[in-house]
Amino acid sequence: TTIEDWARSDVYHNSFLIPQDSVLDAALKNSAANGLPEIAVSVSQGKFLQLHARAIQAKRILEVGTLGGYSTIWLGRALPEDGELITLEISSKHAKVAEENLSNAGLSSKCKIIVGPGHESMVELPSEKKFDFIFIDADKPSNVKYFTEAKRLIRKGGVIIVDNVVRFGRVADPEQSDPNIEGVRSLLNALKGDKDVDATTIATVGEKAYDGFIYAIRN
Ligand code: SAM
């Protein structure tokens, strides 16, 4: 089975479960036209994030790593009328494209972008206003810093998802070491024996080839 076969598999399943969506398509098109890297979550992953937010009836969502706001749109649409999403992005160029895409999705009032280094922005957020769901998808070497702040900001029973933690299985390969892989390993080390959360890694395959996410519940 090749990577192309797995991409085809995603397209096949999506054709039954996920209708074409002109707003999401336009967000990807606008992102590509502005030269943003094509590293947004896949269609099925975006839908999963949305279903998950609905399942836990999330009213407050925090995202670290906005890019063009593709995952933000999926998540923002899961929110009730009085829901709120805050998304953190270091690149003002990415944030500008995301603003356009969120506006086109009719989500500008619910979804707020904070431009700046994600960790500094997280530190500024008050512990009193807890989040139900935090999605960490920014620079991977900072995963431990983001996760530590996420634990402070998430409500008890809330969910933290960290993307791209399998990386073709390379995280487990001792021959491999790049800063992204080391970032995941540091997080795994920090999670070992951490009584604050219960977590598991779910490995995935599809359009984004072989990867996976950590799913953690705050105790
Ligand atoms: N969540 C997006 C989606 O699925 O549509 C994809 C996010 S992309 C994988 C990672 C983003 O994190 C990039 O836009 C990058 O500019 C941003 N980023 C990198 N370092 C950052 C930092 N220190 N603070 C905040 N954002 C950062």
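A residue is counted as near a molecule or strand if its C-beta atom, placed from the backbone, lies within 6 Å of it. By this criterion, 19 residues surround the ligand, the closest being Ala-40, Gly-65, Tyr-70, Ser-71 and Gly-118. Two or more residues of this shell are given by each of helix 4 (70–76) and strand 2 (84–89); helices (H or I, at least four residues) and strands (E, at least two) are DSSP runs, numbered from the N terminus. The shell divides into nine nonpolar, seven polar and three charged residues, where Ala, Val, Leu, Ile, Met, Phe, Trp, Tyr, Cys and Pro count as nonpolar, Asp, Glu, Lys and Arg as charged, and the others, Gly among them, as polar.

The structure is a predicted model, in which local features need pLDDT of at least 70, side-chain atom pairs count only at pLDDT 80 or more, and totals for chains, interfaces and linings use all residues. Residues are numbered from 1 along each chain as its sequence is written. The mean pLDDT (the predictor's confidence in each residue, from 0 to 100) of the protein is 98, and 100% of its residues reach 70 or more. The model has an ipTM of 0.99 and a pTM of 0.98.

An open sheet of seven strands is present, with mixed pairing and the order 3-2-1-4-5-7-6; two strands pair if DSSP finds at least two bridges between them. Strand 3 (111–115) and strand 6 (197–206) are the edge strands, each pairing on one side only. From one strand to the next, the twist averages 15°. Angles run from 0 to 180 degrees between N-to-C directions, and axes are lines fitted to C-alpha atoms, for helices over the stretch in contact. Helix 5 (residues 92–104) packs on the sheet and touches strand 2 and strand 3, its direction making about 170° with that of strand 3.

Strand 7 (residues 209–218) runs antiparallel to strand 5 (residues 154–162), to which it is joined by four bridges. Val-162 has Ile-214 as its bridge partner in strand 7, and Val-159 stands opposite Ile-217. Strand 6 and strand 7 are also antiparallel and are joined by ten bridges. These two strands form a hairpin with two residues between them, and Thr-200 stands opposite Tyr-215 in strand 7.

The axes of helix 7 (residues 143–153) and helix 8 (residues 179–191) come within 8 Å and cross at roughly 40°. Helix 7 and helix 8 are therefore oblique to each other, since angles under 35 degrees count as roughly parallel, over 145 as roughly antiparallel, 65 to 115 as roughly perpendicular and the rest as oblique. Asn-143, Val-144 and Phe-147 of helix 7 make the contact with Gly-183, Val-184, Ser-186, Leu-187 and Ala-190 of helix 8; two residues are in contact if their C-beta atoms, placed from the backbone, lie within 7 Å. The residues of this contact comprise five nonpolar, three polar and no charged.
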